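Take a look at the model below.

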Amino acid sequence: MATPRPAPHPLIPAVGAVVVAGVLVVVGVLHVDVNGENPLLVAAIGGVGIAGLLTTLWAVAERRAGRVGWAVAVLAAEYAISVIAGRAALDAEAPLVGVGLLLVAELSHTACEWRGPHAVDTSVELRRWARLAAAGVAGAVAGGGALALAGSVRGSVPGLLVGAAGVVGLVGLAAWLRRSTSDETLPAA
Amino acid sequence: MSWAPTSRVRAYPWLVAALLLAALAAGRPELAAAAAPIAAVLLAGLLRSRRPRLPGVRVSVSATRLVEGDTVDLTLQVDLPAETAALEVGVLLPPGVEVVDAANPGVLARSGGPRQSLTLPLRPARWGAYSLWTVHLRAFDDFRLRRFEARVRADVVVRVYPSTERLRTLIRPLRTHVYPGSRVAAQKGEGIEFADLRPYVSGDRVRSVNWRASARRGELWVNQRHPERNVDVVLLLDTFAQAGPAGEGTLEQMVRGASSLASAWLRDHDRVGLIGFGGTLRWLEVGDGPRHAYRLIDAFLDTQVVLSYAWKGVDVIPIRLLPPHALIVGITPLLDRRMVTALFDLHGRGCDVAAVELRPDAHVAVPSSEVEALARRIWRLEREAQRARLLQGGIGVASWTEGEPLEPVLMEVEGWRRRARLRIR
């Protein structure tokens, strides 16, 4: 009989998710380039960030995977507000923020999906995290490249078209995935 | 295998789309760059995601018949497809069955080999027939974006027999059967127990001669003995009504008692039959031997209360189920008048009848008001009156409280029958 190797306790990814979310909140606040001229904006961004942090905490504490998306969305909103309202220059650390958002999402999901020490095989989990890291780094590199390209051709029509097509495609993909599930089978052993 | 998106897939596309839209609207490419890692994971995951083939599953159990309290090993042999890195295997257990010191669901990793087995020690909480176990299989793609599931039905039936009490005292029937057994018959013949003396007649065996009596009387006298015979017993189970919840009520107690009685009589080479007398009539003709013991206990497992308002008397019982000279033992909580009437009818037809009353008091709620307390007192008095009626009618009855041994109850019935010197017409 195969003996599955026990998976680590869900507290580790849960704490990891909250810590990374906290770092994202701090980064969002620090990115505001107002030199103390608009403390209200800093407070607003910090408030949104803390809301994201609390949502993350709520999701992992109650182990509701459905709330993780909202938590990451609020954290992303905090970053978006800090970029749009509080900073004039191009933020070169944006891909790293993206990696942070991915990390929060994956760690929170891992914590929520934990169903006991023997319900997950550690080696399989490690391979998944390696793939995630590879995809995340590739995405960050691609994002960095896009950022460098966008710095030179900012506001170009092809860029806008690509972005709009991406949005439409993603919304279509999300709708298709939400609707599509296949029939369940019940064969005899 | 069927598939469904996980919560990641429900969230990631919207998140990326929102960031892209914000990037377009505000003219800030940083937001698109921030969305890039999640978009990359989504893209890579969906491109790599393939629906795995259904794993082959064979289900076996270490035993199909066990006694209450025993554990049975359920072994799942799973053939993992090459595209499945890990497979969660869980068994949807019927109510009342628990897993003992094992993970359910467990996980099988492909790194452990293409064919693996998972053993779950299971313990049924109570007697009964447990069937239709469903195996739930679940796998995820590389990025846990899609969940693949299948349910495999395993037609395994495990019969759990109630633990029986070892009885040394049983109710003695008034008459025995003609076949050899271990009960001392009232008739005279070849046996061990001394019965009487009679004068020698031609053909008597020399070893039967009582030399002391012969010397005293001056002629040959021989010993007469009681032969050992078996008896026929019919257990009449009252399935009209039960008190208490399923699995804990008087039905449970009745099955335990009937199992103990049947085992004890069968052990002594007697013949035992069963009649489930209630909303539906179920029966098993008298028989003996280990095979019949299994048939009887299987019939006990299927015993259930079927609610019916139709009047049922003993005339619905086929006559062949009541062999002449059989002892009929009614096991009843005395909750339904039809059973009491049936016992009287059987006794009136010349059958040897005894009864074991199952006390339902433990399953009746504690009275919370004066009216309820009064109602309970009246109910108790009615039950006592019914018991008294049975005793006055010549039917030995004793009350059996759940959790207490059955043997003293049988001794009480047997003592009453001996005292009453009951005679069958």
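Is helix 4 of chain B largely enclosed by the rest of the structure or exposed, and why? In this predicted model, 15 of its 18 residues are buried, so helix 4 of chain B is largely enclosed by the rest of the structure. The helix covers residues 250-267. From first C-alpha to last, helix 4 of chain B reaches 25 Å, close to the expected 26 Å. Just after this helix, His269(B) takes a positive phi of about 65 degrees.

Now turn to a helix pair in chain A. Helix 1 of chain A (residues 11-30) packs against helix 3 of chain A at an angle of about 15 degrees. Their axes are 9 Å apart. An angle under 35 degrees counts as roughly parallel, and therefore helix 1 and helix 3 of chain A are roughly parallel to each other. Their crossing is left-handed. The residues that meet are listed here.

| Helix of chain A | Residues that meet the other helix |
|---|---|
| Helix 1 | Ala21(A), Leu24(A), Val25(A), Gly28(A) |
| Helix 3 | Leu75(A), Glu78(A), Tyr79(A), Ser82(A) |

By class, this contact has five nonpolar, two polar and one charged residues.

Last comes the contact between the chains. Chain A gives 67 residues and chain B gives 68 residues. On the side of chain A that touches chain B, helix 3 (68-86), helix 4 (94-112), helix 5 (122-152) and helix 6 (157-179) of chain A each give two or more residues. Helix 5 of chain A gives the most, with 17 residues. By class, that side of chain A has 42 nonpolar, 17 polar and eight charged residues.

Key
Residues are numbered from 1 along each chain as its sequence is written. Chains are lettered from A and ligands numbered from 1 in the order in which they are written. This is a predicted model: local features need pLDDT of at least 70, side-chain atom pairs count only at pLDDT 80 or more; totals for chains, interfaces and linings use all residues. Two residues are in contact if their C-beta atoms, placed from the backbone, lie within 7 Å. Helices (H or I, at least four residues) and strands (E, at least two) are DSSP runs, numbered from the N terminus. Ala, Val, Leu, Ile, Met, Phe, Trp, Tyr, Cys and Pro count as nonpolar, Asp, Glu, Lys and Arg as charged, and the others, Gly among them, as polar. Axes are lines fitted to C-alpha atoms, for helices over the stretch in contact, and angles run from 0 to 180 degrees between N-to-C directions. Angles under 35 degrees count as roughly parallel, over 145 as roughly antiparallel, 65 to 115 as roughly perpendicular and the rest as oblique. A crossing is left-handed if the near helix is turned anticlockwise from the far one by less than a right angle, and right-handed if clockwise. The expected span of a helix is 1.5 Å times one less than its number of residues. A residue is buried if 20 or more other C-beta atoms lie within 10 Å of its own, exposed if 12 or fewer, and partly exposed in between; C-beta atoms are placed from the backbone.
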